[in-house]
Amino acid sequence: MYDVDEIRKDFPILGRKVYGRPLVYLDNAATVQKPRSVVEAMSDEYYNVNANVHRGVHFLSQQATELHEAARETVRRFLNARSTAEVIFTRGTTESINLVAACFGEAFMREGDEVIVSEMEHHANIVSWQLLQARKGIKIRVIPVDGRGELRMDEFERLFNEHTRIVSVTHVSNVLGTVNPVRRIVEVAHAHGVPVLIDGAQSTPHFSVDVQALDCDFFAFSGHKVYGPTGIGVLYGKENWLDRLPPYMGGGEMIGHVSFEHTTFAELPLKFEAGTPDYVASTGLARALDYVSHLGLDAIQSHERGLTRYALDGLRQISGMRILGEADDHDAVVSFLVGHIHHLDMGTLLDRLGIAVRTGHHCAEPLMRRFGVEGTVRASFALYNTRQEVDTLVAGIARVAQMF
Ligand code: PLP
């Protein structure tokens with residue numbers, strides 16, 4: 001049984017009040033709250049284990065290294081990667097995408113070569129490629145989004161040509177909630193001999209991901225969006241791709257031997273992990289993945305999908321409501337505007353009612369342009385949200401709408 005009241009007890013912050021009202025936290029696509037077990041594992045490591053990893057012969061260093069590498073194994077299991085060599089710790093999705101753009105771009109792209117992204121990408125998956133564009137003169141091709149917020153798959157297939165080198169798309173839109181057909185995208189790309197990077201920032205918190213079943217070549221996600229700490233994330237990459245990429249940064253950890261004449265690099269995954277890693281955050285991330293795995297991602301998904309449908313039904317009753325994103329496969333994110341009420345006004349007034357939503361362009365300005373809006377209000381759901389909170393949201397929006 002999925003007992004949301006019991007689950008909420010694991011998240012002390014949910015008991016907080018803001019402006020004297022119970023907090024209704026619906027900004028989960030930006031970051032989620034952390035269960036006690038994550039924070040406690042991290043403080044325990046700082047209090048009892050802390051030592052730099054990998055190079056130490058002493059007891060604490062070895063223990064810290066064991067925890068860090070055990071965390072890598074937890075991530076491997078979570079993604080069903082073949083080996084821990086394919087699991088690279090980064091600072092988050094943004095860094096993971098930048099790493100692929102920089103290293104794949106360095107090794108495999110030259111002037112005139114093309115990357116395919118989509119119109120619903122987060123800026124992280126646009127600007128990383130634009131930096132490469134500025135350095136190497138690559139081209140960025142864009143899969144359009146239709147009025148319902150789904151990718152135009154017919155157009156996608158037409159974007160391939162002899163210059164296409166990589167496809168980089170989001171698994172779930174952080175604005176529309178659309179779940180993209182990434183398995184199909186990988187199939188099409190592979191039929192053209194082109195690898196695929198999937199931005200999993202908004203999928204990993206909500207449903208189970210199996211990188212072998214998807215057959216994607218790279219997969220990125222952020223710890224803080226999946227109940228782990230900030231400052232840590234993951235890049236999964238197939239070993240045969242990672243082996244052929246140059247390192248991202250130079251420094252300690254990522255080397256074999258160094259001399260002024262010739263330096264060799266470490267084996268995977270350390271080749272991509274220069275400098276002291278956030279080994280305490282990796283422990284926190286592992287506890288977070290244990291937490292969601294223990295609840296069961298299928299149970300989480302069914303709870304959140306139920307909430308999302310319930311929210312959409314409630315929102316549609318409000319006059320002047322415009323919902324952006326009506327995809328058939330819709331995850332736990334709802335973006336909307338009401339009449340001519342500015343998204344910032346709506347967000348600010350909801351905040352006064354204790355309801356935390358996000359407003360603005362959600363780091364997806366091209367998508368805003370596609371829908372002819374400057375920004376939206378976004379409510380996004382997590383495993384701990386309740387129907388009562390959705391009721392509070394809907395009543396809050398109706399109240400703000402009346403004020404206007
Ligand atoms: N990609 C998507 C789809 C996102 O929603 C986000 C964050 O909102 C990111 C990438 C960037 O994640 P981070 O800031 O954790 O690197």
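Two strands pair if DSSP finds at least two bridges between them. Helices (H or I, at least four residues) and strands (E, at least two) are DSSP runs, numbered from the N terminus. By these rules, strand β7 (residues 164-170) and β8 pair in the parallel sense over four bridges. The model is predicted: local features need pLDDT of at least 70, side-chain atom pairs count only at pLDDT 80 or more, and totals for chains, interfaces and linings use all residues. Residues are numbered from 1 along each chain as its sequence is written, and side-chain values use heavy atoms, with hydrogens and water left out.

Burial is defined by relative accessible area: buried means under 20%, exposed over 50%, and partly exposed in between (1.4 Å probe, protein chains only). In a regular strand the side chains alternate between the two faces of the sheet. Strand β8 (residues 196-199) is covered on both faces. Val 196 and Ile 198 are buried on one side, and Leu 197 and Asp 199 are buried on the other.

Four antiparallel bridges join β13 and strand β14 (residues 333-338). Met 321 has Val 338 in β14 as its bridge partner. Contact means heavy atoms within 4.5 Å.

Ala 401, in helix α14 (residues 387-403), is in contact with Val 338 and Ile 341, leaving aside its neighbours within four places in sequence. Ala 401 is partly exposed, with a relative accessible area of 22%. Its C-alpha atom is separated by 43 Å from that of Arg 158, 243 residues apart along the chain.

Aromatic rings were examined next. Rings of Phe, Tyr and Trp (its six-membered ring) pair if their centres lie within 6.5 Å; planes under 30 degrees apart count as stacked, over 60 as edge-to-face and the rest as tilted. By this rule the count comes to eleven aromatic pairs. One of them joins Phe 78 and Phe 221, with ring centres 6.0 Å apart and planes at 50°, so the pair is tilted. Phe 78 lies in helix α3 (residues 59-79) and Phe 221 in strand β9 (residues 218-222), so the pair ties together parts that are 143 residues apart in sequence. Phe 78 counts as buried at 12% relative accessibility, and Phe 221 counts as buried at 0%.

Tyr 227 and Tyr 384 form an edge-to-face pair, at 6.2 Å centre to centre and 85° between the planes. This pair links distant parts of the chain, 157 residues apart. Tyr 227 is in the loop between β9 and β10 (233-237), and Tyr 384 is in the loop between β17 (376-380) and α14. Both Tyr 227 and Tyr 384 are buried. Together with Phe 11 and Tyr 291, they form one aromatic cluster.

Charges also sit over rings. The criterion is NZ of Lys or CZ of Arg within 6 Å of the ring centre and within 35 degrees of the ring normal. Arg 387 places its charged end over the ring of Tyr 310, 4.3 Å from its centre. Arg 370 lies over the face of Phe 371, at 5.0 Å from the ring centre.

Two polar contacts complete the account. A polar contact is a pair of N or O atoms within 3.5 Å; within protein, one must be able to donate a hydrogen and the other to accept it, and residues adjacent in sequence count only if both atoms are side-chain atoms. The side chains of His 224 and Thr 31 make such a contact (2.7 Å). His 224 lies in the loop between β9 and β10 and counts as buried at 17% relative accessibility. Thr 90, in strand β4 (residues 87-90), is joined to Ser 96 by a side-chain polar contact of 2.8 Å. Thr 90 counts as buried at 6% relative accessibility.
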